[in-house]
Amino acid sequence: MMDVDKKAEVSRRSFRRSALRLAIIALATYAAVVILLLVFQRHLIYFPTRDYEGDPSEINLAYEDVTFRTADGVTLTGWFVPLGGADATVLFFHGNAGNISHRLHTIDLLHRLGFAVFIIDYRGYGKSEGKPSEQGLYRDADAAWEYLTATRGVRPESIVLMGRSLGGAVAIDLAARKSPGVLVVESTFSTMAELAKLHYPYFPIKLLLREKYDSIGQIGSVRC
């Protein structure tokens with residue numbers, strides 16, 4: 001009986017040691033993922049590409065290459081696609097991946113609907129300088145607005161701010177601080193934290209997230 005009891009005790013101790021090792025490994029893995037989410041979160045939000053895959057001339061649209069600067073000195077690029085007799089200009093903010101060359105279908109659609117179009121690449125996207133961040137994208141939107149209103153003389157009330165996905169958050173922030181004629185958002189989200197929780201439900205996202213994009217908190221300030 002003693003040998004049996006000793007073997008059982010040894011087995012229990014071995015099980016406890018194995019369970020403890022597994023717990024330590026699990027906690028270490030969890031902590032490592034938390035650190036990665038904290039340090040590399042911008043790499044999980046922004047997916048810019050540099051190379052263009054086309055331009056509006058490929059869909060038989062005349063356009064202008066536009067270069068302009070932000071308040072913090074970053075040089076941005078975009079395309080202005082004019083339309084004679086257009087009553088409004090769409091300032092379009094694209095999503096978190098690719099660049100403006102991947103939105104030719106959208107440019108063509110808006111042009112066919114009777115709008116002039118100004119589409120920009122955020123910092124770090126396409127030919128624009130810099131690296132993307134929430135505050136950086138807000139500055140990019142401000143610079144695009146200033147280019148349209150001050151440089152091209154487009155009346156604010158004739159500007160349609162349109163944002164898709166991440167661009168919806170950018171458009172909402174700009175509309176909350178400026179006076180466009182219309183705001184259109186497509187496939188966007190309430191806050192970045194709510195969106196991130198869908199992808200990382202078991203992590204303290206609100207504590208880790210530096211890129212807030214609090215659209216639901218800003219939409220009440222929009223008056224267009």
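Trainee: Fold first: of contacts between residues at least 6 apart in sequence, what share join residues at least 24 apart?
Mentor: It's 68% for this chain, where a contact means heavy atoms within 4.5 Å. Keep in mind that the model is predicted: local features need pLDDT of at least 70 and side-chain atom pairs count only at pLDDT 80 or more, while totals for chains, interfaces and linings use all residues. Residues are numbered from 1 along each chain as its sequence is written, and side-chain values use heavy atoms, with hydrogens and water left out.

Trainee: Okay, and how many helices and strands are there?
Mentor: The chain has eight helices and eight strands, taken as DSSP runs numbered from the N terminus (helices H or I, at least four residues; strands E, at least two).

Trainee: How much of the chain is buried?
Mentor: Of its 224 residues, 43% are buried. Buried is under 20% relative accessible area, exposed is over 50% and partly exposed is in between, with a 1.4 Å probe and protein chains only.

Trainee: Let's get specific. Where does D140 sit?
Mentor: D140 belongs to helix 4, which covers residues 134–151.

Trainee: Buried or exposed, that D140?
Mentor: D140 counts as buried because its relative accessibility is 0%.

Trainee: What does D140 touch, then?
Mentor: Not counting residues up to four places away in sequence, D140 touches F68, T70, L76, I120, Y122 and R123.

Trainee: And which side chain makes a polar contact with the D140 side chain?
Mentor: That's R123, at 2.9 Å. A polar contact is a pair of N or O atoms within 3.5 Å; within protein, one must be able to donate a hydrogen and the other to accept it, and residues adjacent in sequence count only if both atoms are side-chain atoms.

Trainee: Switching to another Asp: which strand holds D65?
Mentor: D65 lies in strand 2, residues 64–69.

Trainee: Is D65 buried or exposed, and why?
Mentor: D65 counts as exposed because its relative accessible area is 57%.

Trainee: Which residues is D65 in contact with, leaving aside neighbours within four places in sequence?
Mentor: D65 is in contact with G78 and W79. The side chains of D65 and W79 are also joined by a polar contact of 3.1 Å.

Trainee: What about V81, how far is D65 from that one?
Mentor: In space, D65 and V81 are 9.1 Å apart, C-alpha to C-alpha. Along the sequence, D65 and V81 are 16 residues apart.
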